[in-house]
Amino acid sequence: MFKIHNFSAGPCILPPEVLKEASEAVKSWGNNGLSLIEMSHRSKPFVAVMEEARAITKELLGLPERFEILYLQGGASLGFLTTAYNLIPEGGSAAYTDTGTWAANAIKEARHLGDIEVVGSSKDSGYNAIPHTPSVDSKHSYFHYTTNNTIFGTQYKHIPTEAGVPLVADMSSDIMSKKFDSTPFKLIYAGAQKNMGPAGTVMYAIDKEALGKTGRNIPSYLDLGVHLSKDSMFNTPPVFSIFTTLLTLRWLKNLGGIDAIEARNKAKAELIYGEIDRNELFTGYAETNSRSTMNATFQLVDDNHKEKFNAAWAEAGVSGINGHRSIGGYRASMYNALPLESVKVLADVMKEFERTI
Ligand SMILES: *Cc1c(COP(=O)(O)O)cnc(C)c1O
């Protein structure tokens, strides 16, 4: 069988065993003859799925007691607004960095709720690097940053505690890819479809103590406190997305958890960046010390080679490496479920291309 090497930036590749189990559950799940997606979300088996999904998320991320997990709808894009709604008090403010399209969207949404100070930006250099984090005014409720910039292929290499205020992060495209210390965080959110599961749900990890302090009257669905009080079942949850995310997280746990996947992700990133740097036909997009382990962005030095290179990788079964329309070039997304073997295939295509050009 012809093997596809799926480098899609999102929705992402999922482990074959997860796809198998999820598709079987759509036909019939458990022992009552019903499909997972045609039964009550209040039924005992699905409540157990939600509970396990929340618990395994907390366990894999190594989050302490003060955090609670929610699986909601609206994606990370609604998270931009929800975050500000729940954490910026009436008349208050927050600090943000502008490191790419998603970070800029987060800033735009937060401006509905408070005075937003942009304390760092890499916009002028085409978002090809992570800007320096300054110490921010202590009046700010939090410092928000995007841990991994999916489109531009940059990633924070350390937790920017220099900001000096509690942190809030959009971790959509590198959640569950590496260990991190949760101590400075108030809230973390991540759309599931980049590294945890299919599209349709967004995960929030929220410090319970941080809620209920804004003095705002928050609309119910946007109020994280409402969702917490209902154990993430305020309304009908996206059952299929949450179930499949749970299967993916079980897969990750069986593999050895985040320690194990971090080592694999490092090996994949080293392989592809090694080839980008060695091969004179290609050049990396992001500055070396800002390079993402999840999304490697690169370009052909000579655009005249484009058609031939595109044919070469397609021929090898490589899929999804066209860069985002806003920057062009190529982007190899190497999420958790992508095997090292697929990266090896892409690196070999690049090597072989150099030999034949
Ligand atoms: C994809 C992405 C988003 C948008 O996620 P949606 O779930 O589609 O709203 C936000 N932030 C980052 C970092 C992303 O990669």
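**Figure 1. The salt bridge between domain 1 and domain 2.** In this predicted model, one salt bridge is counted between domain 1 and domain 2. A salt bridge is a side-chain nitrogen of Lys or Arg within 4 Å of a carboxyl oxygen of Asp or Glu. The side chains of Asp259 and Lys179 meet in a salt bridge, at 2.8 Å from N to O. Local features need pLDDT of at least 70, side-chain atom pairs count only at pLDDT 80 or more, and totals for chains, interfaces and linings use all residues. Residues are numbered from 1 along each chain as its sequence is written, and side-chain values use heavy atoms, with hydrogens and water left out.

Figure 2. Domain 1 spans 16-255 and domain 2 spans 257-356, with bounds from an automatic or database domain assignment. Their centres, taken over C-alpha atoms, lie 27 Å apart. To the contact (heavy atoms within 4.5 Å), domain 1 gives 28 residues and domain 2 gives 27 residues.

**Figure 3. The area buried between the domains.** Between domain 1 and domain 2, about 2200 Å² is buried, and carbon and sulfur atoms give 52% of this area. Buried area is the accessible area (1.4 Å probe) that two parts lose on being put together, summed over both. Asn128, Ile151 and Leu255 of domain 1 lose the most area to domain 2, together 22% of what that side buries.
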